[in-house]
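Subject: Structure for your review

Dear colleague,

Please find below the structure that I am handing over to you. I would be grateful if you could look it over together with the notes that follow it.

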Amino acid sequence: MVLLQGKGVSKGVVKGQLYFFKRQDNTVTKRIAEDVEAEKARFAAAQEAATLQLTALADRCREEAGDESAILFETHAMFVEDEDMVEAIISLIEEEGCCAEYAVEQAGEQFAGMFAAMDDAYMSARAADVRDVARRLVNNLLGITQGGIDSDEPVILAADDLAPSETIQLDKSKILAFATRGGSGNSHTAILARTMGIPAICGLGDALKDELGGRLAYVDGETGSLYIEPDELTVLALKEKLDKQEELKALLSSMKGQEDVTLDGQKVNVYCNIGSVEDVSAVIANDGQGIGLFRSEFLYLAANDYPTEDEQFEAYKTVAAAMNGKRVIIRTLDIGADKQVDYFDMKKEENPALGVRAIRICLNRPEVFRSQLRALYRASAYGKIAIMFPMITSVWEVRECRRACQKVMAELEKEGIPYSKDTEIGIMIETPSSVFIAEELAREVDFFSVGTNDLTQYTLACDRQCNDLGKFYDPHHPAVLRAVKMAADAAHKAGIWIGICGELGADLSLLPTFLAMGIDELSVSPSSVLPLRAMLRKSIAKTCTLDMLKC
Ligand code: PEP
Ligand code: MG
């Protein structure tokens, strides 16, 4: 047995084969074809492979989730065979004498553009499907595995580290757990793992050697231990833990349908954090009462180009409709720092966490902001959407955001497009400056949501990405907790509500502190909803104190 010790960043015990993530370059360059007929044959083979892949995906979906979910892949299979598109690809290969992947990419863009320009919202949203199909064909031509994992069975995915943009593009159905050499518990990759309920260990260091690939392993995401080919006794102990895990799950399921309220009647809304439309199923399965943070930037990170207004609208509308009138707080684009998106073509920065990120990008690039706000307001007609702005430091930023919202609402009004005039607008409290001016900010918005991940980073001057900082990155630090209290007091004084959507919201040891502060909402990963509800329902708010705020 080999035992490697790292830091557990997403709970759960799983068993599987270790598989090392291979980075693959899928950029297409124009290459002159030496043999035009050979390029056409390469395209035909890629087309055949795509049809097989899509048919298998449709079959699997039909088995697991019924006919409706299979339709997407069946539509994609039809695009693969579409006569006009195939003809355009073949003509490009013949007339320009270029390689098949370049021809597919060009034709894909041309057809996607045609769809996007259509007046009909349904048809224009198909542009994304065309791009998806073209990307599948290109990947087949380049020999790249769709979803990054070349294995029929789900695996324990091992890597140096994974960028959020890489994690979001992986095929989740193939991942049992993550095990990385580097990384930190506060990085977005770890947050994504918790959101998706996938066990994860980071900081395993160089002991996680490539030659361990293919070996049977157990991940314990609570203790941070990675057991490779464990001995019998260890297997027994791990199996016992697995059984307890299942027992606890069953026990917690009795919490479904129960109210989020303390024994003495203090109500706290328990909402969920999500990163993609797919995460909504976990919210519903865990009975989350709303979505307190939809990290919309993951739509951008999962794409190879700016998502169009229609693509975003479809995503937001799907989430809003699925939540059936429950509040869905969508945070506007929060990229920068560890969330880098190539096509934004951002300048390299010395201090990206302090650089051009989040709301600063949106205010600097009004067209990007406008397209997201239009998509959000259009989707607001289909559910209870609230809009939230990240990384606010000044009152003028909020006013500028509000002006952008007003402009978009006026546009939609003029175009006769439905939207909800009551859409709430809130901001994240995640910088010290927003805490210091919280009273003034509270007069400008409908709600606050505290981003304790960044608030800890900026209050303690401690990089959330750096695993070596260990105990220095301490979200329990009295300075951080006092900052939360200051924001809560300012919110309540102005008569608005305040939630917490940073990882601290799920920290059960702080629930009494948050109850004493009168926090109105806690937004946590879907798997944390029921444990939080169970503890909340056992708590007596009036006996809770603010002792944790003392040094
Ligand atoms: C936070 O900073 O606490 C937060 C919720 O936002 P993110 O983790 O995405 O930066
Ligand atoms: Mg943040």
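The notes below concern the cavities and the ligand.

This is a predicted model, in which local features need pLDDT of at least 70 and side-chain atom pairs count only at pLDDT 80 or more, while totals for chains, interfaces and linings use all residues. Residues are numbered from 1 along each chain as written, chains are lettered from A and ligands numbered from 1 in the order written, and side-chain values use heavy atoms, without hydrogens and water.

Ligand 1 is surrounded by 16 residues (a residue is near if one of its heavy atoms lies within 4 Å). His188, Arg295, Arg331, Gly451 and Asn453 are the closest. By class, this shell holds four nonpolar, five polar and seven charged residues (Ala, Val, Leu, Ile, Met, Phe, Trp, Tyr, Cys and Pro count as nonpolar, Asp, Glu, Lys and Arg as charged, and the others, Gly among them, as polar).

Oxygen atoms of ligand 1 lie 2.8 Å from a polar side-chain atom of Arg295 and 3.0 Å from a side-chain N or O atom of Glu430. The protein buries 100% of the 290 Å² that ligand 1 exposes when taken alone (Shrake-Rupley method, 1.4 Å probe).

Ligand 1 sits in the second largest cavity (more than half of its atoms lie within 2 Å of the grid points; on a 1 Å grid over the protein atoms alone, a cavity is a set of points where a 1.4 Å probe fits but cannot get out, and lining residues have an atom within 4 Å of a point). The lining of this cavity comprises 14 residues.

Yours sincerely

How values were computed. Polar contact = N/O pair within 3.5 Å; in protein donor to acceptor, adjacent residues only side chain to side chain. 1 Å grid on protein atoms, 1.4 Å probe; cavity = no way out; pocket = protein on both sides within 12 Å on 5 of 7 lines; lining within 4 Å.
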